[in-house]
Amino acid sequence: MAFDGTWKIDRNENYDKFMEKMGINMVKRKLAAHDNLKLIITQEGNKFTVKESSAFRTIEIVFELGVTFNYSLADGTELSGTWNLEGNKLVGKFKRIDNGNALNAVREIIGGELVQTYTYEGVEAKRIFKKE
């Protein structure tokens, strides 16, 4: 699968505004903008394993397409939702557990880069990764 591999953060677009809308304070936003996030993604059929390592934490997330699971963001925000494959895109539809608001995410390969697009309360941000 195209998503398989090790991906290192290269740049962000509108990430600070997105985090502000999420309610993340300025100090955490400044740290998160330079988190050196690395993703190691592997897929076996409908099962994905994503190992996230950053300046803040290292975790492993295992999920199956279309199966609801819970996930905690680095700032502690709890989410519940699913990932699905729609064409060549991984589409995540999540709800915050604290307020029920929707957080949507899309992972896609564009020009050899992994582009993660997040949308929350009308604010869109992108994190762009290069393959290691």
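A pocket is an open set of points on a 1 Å grid over the protein atoms alone, where a 1.4 Å probe fits and protein lies on both sides within 12 Å along at least five of seven lines. Its volume is the space filled by probe spheres set on the points, which are joined across faces, edges and corners. The model is predicted, so local features need pLDDT of at least 70 and side-chain atom pairs pLDDT 80 or more, while totals for chains, interfaces and linings use all residues. Residues are numbered from 1 along each chain, and side-chain values use heavy atoms, without hydrogens and water.

**Largest pocket**
- The largest pocket has a volume of about 660 Å³.
- Its lining (residues with an atom within 4 Å of a point) comprises 31 residues, with Tyr-15, Tyr-71, Leu-73, Ala-74 and Tyr-118 nearest the centre.
- Elements giving two or more residues to this lining include α1 (15-21), α2 (26-32) and β9; helices (H or I, at least four residues) and strands (E, at least two) are DSSP runs, numbered from the N terminus.
- The lining divides into 22 nonpolar residues (Ala, Val, Leu, Ile, Met, Phe, Trp, Tyr, Cys, Pro), seven charged (Asp, Glu, Lys, Arg) and two polar (the others, Gly among them).

**Strand pairing** (at least two DSSP bridges between two strands)
- Strand β10 (residues 123-131) runs antiparallel to β1 (residues 5-13), joined by six bridges.
- β10 also pairs with β9 (residues 113-120) in the antiparallel sense, over eight bridges.
- Ile-128 of β10 stands opposite Arg-11 and is the bridge partner of Val-115.
- Two residues separate the strands in the β9 and β10 hairpin, where Glu-121 takes a positive phi near 50°.
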